[in-house]
Amino acid sequence: MKFSYVNPTQIHFGQGQIEAVTESIPSTSKVLLIYGGGSIKRNGVYDQVTAALSEHQWVEFSGVEPNPTRETMDKAVAIIKAQGIDYILAVGGGSVIDGSKFAAAAAKYDGDSWDIMTGAHQVTEALPLGCVLTLPATGSESNGAAVVTKAATKDKLAFITPVVQPKFAVMDPDVMKTLPERQLANGIVDAWVHICEQYLTSPAGAMVQDGYAEALLKNLRVLASQFDQRDNDQWRANLMWTANQALNGLIGAGVAQDWATHMIGHELTALYGVDHARSLAIVQPHLLRNQMKYKRGKLEQMGRNVFGLTGGDDLAEQTIVEIELFYHSLQVATQLTEHESDKAHAIDAVIGQLENHGLLELGENQSITLSESREILQMAVAD
Ligand code: NZQ
Ligand code: ZN
């Protein structure tokens with residue numbers, strides 16, 4: 001184990017915490033409030049945020065779409081540059097926060113903003129950013145990652161740098177009251193897969209990372225089994241905090257990480273519009289089977305410690321079946337049906353995009369080449 005670890009995002013967790021925005025943003029700042037399609041106008045979050053900004057100078061930018069695009073965020077960058085904005089407040093889910101991170105970096109760069117996503121521009125500075133989270137799922141509220149899509153070419157790419165990590169994150173579980181069931185289920189599944197991407201690799205005997213990952217996975221199982229009690233303060237608070245802890249850097253410190261499910265899933269979202277979490281459930285079980293040679297040990301550990309399975313030679317296989325049942329219990333499918341073309345054409349399209357994006361050797365062992373990705377997609381794409 002060898003790592004450097006810090007998570008500098010100040011978390012303001014709990015009911016009523018939106019008012020912490022006032023103290024968290026320097027009073028002399030000129031703020032751009034960025035939000036999505038308007039859910040915050042319907043559930044009172046916008047009113048609470050603007051009340052908290054009443055002593056600040058601020059303007060707003062709305063219309064960030066799920067799976068944010070550079071086309072939309074470039075419009076926010078133009079406002080930032082024209083109006084001398086020096087602080088961004090993102091109010092929304094992962095899409096609004098990721099789009100805001102992109103804008104924060106693009107505001108300090110005079111070239112083509114897409115260079116940030118391709119790596120042609122290495123981000124070293126960005127505007128400071130804070131956020132009010134409205135959908136627990138991605139962990140974007142306290143990490144340095146962002147995923148942005150170029151709509152023109154259906155490229156969905158990620159970048160990661162500490163300079164765009166939010167300075168603070170308000171996490172008030174009350175904001176979840178208006179979340180549709182579909183988004184709550186998505187949040188559980190996305191957080192679940194984030195943990196798996198950092199846990200289902202090769203056994204390394206990292207007791208803290210493994211033990212905490214298992215605790216978080218067990219939380220998500222309990223919350224899913226109590227889905228009928230979702231209109232409950234405790235349920236909401238536990239999901240919000242669990243999803244945050246799943247991707248804030250802690251359980252991934254010093255251990256191998258996979259992320260192949262995410263990389264292939266991003267292509268499904270970009271090509272077929274599948275919700276992010278749903279793209280993961282479509283890919284992951286098939287990927288785990290394909291990579292059994294490397295993942296058997298950790299799947300067995302997960303079977304015992306998370307699902308309470310007792311064993312047998314097929315413990316790892318049983319664990320994957322349990323993972324599938326977990327997704328199905330949330331009405332989340334494990335095969336792609338959203339492709340309009342025939343199966344062979346859909347697989348070729350995904351493989352083509354993986355190739356375009358240089359995603360030729362995925363996973364903790366770089367063992368998922370395009371030929372393994374093709375085998376995975378053979379199982380993941382419905383006829
Ligand atoms: O746009 P509005 O009107 O706000 O509606 C949103 C959106 O339609 C709605 N919503 C959010 N909060 C709500 C609400 N509706 C009612 N009440 C509320 N309180 O939910 C819809 C989905 O929102 P979105 O932000 O797209 O969802 P999510 O948080 O799942 O974010 C997904 C994006 O994050 C990326 C994904 O790729 C995807 O683009 N990810 C970011 C990561 C990161 N930065 O670390 C990691 C993840 O693996 C993921 O890739
Ligand atoms: Zn994810």
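Mentor: Let's start with a term: a cavity is a set of grid points where a 1.4 Å probe fits but cannot get out. Keep in mind that this is a predicted model.

Trainee: Okay, and how do I look for empty space like that?

Mentor: Rolling a probe the size of a water molecule over the atoms shows where empty space is left.

Trainee: How many cavities of 30 Å³ or more does the count come to here?

Mentor: The count comes to 1. As for size, the largest cavity has a volume of about 50 Å³.

Trainee: Which residues line the largest cavity?

Mentor: Look for C196, E197, L200, D258, T261, Q284, L287, L288 and K295.

Trainee: Let's move on to aromatic rings. What should I look at there?

Mentor: A pair of aromatic rings is described by the distance of the centres and the angle of the planes. Searching the whole structure turns up 6 aromatic pairs.

Trainee: Which residues form one aromatic cluster?

Mentor: Find W192, F307, F326 and Y327, and you've got that cluster.

Trainee: Where does the charged end of K41 sit?

Mentor: Over the ring of Y46, with 4.6 Å between that charged end and the ring centre. Then have a look at K298, which lies over the face of Y199, at 4.6 Å from the ring centre.

Note on methods
Residues numbered from 1 in each chain as written. Chains lettered and ligands numbered in written order. Predicted model: local features only at pLDDT ≥ 70, side-chain atom pairs only at ≥ 80, totals over all residues. Heavy atoms only, no water. 1 Å grid on protein atoms, 1.4 Å probe; cavity = no way out; pocket = protein on both sides within 12 Å on 5 of 7 lines; lining within 4 Å. Points joined across faces, edges and corners; volume = space filled by probe spheres on them. Phe/Tyr/Trp six-rings, centres within 6.5 Å; stacked < 30°, edge-to-face > 60°. Lys NZ or Arg CZ within 6 Å of the ring centre and 35° of its normal.
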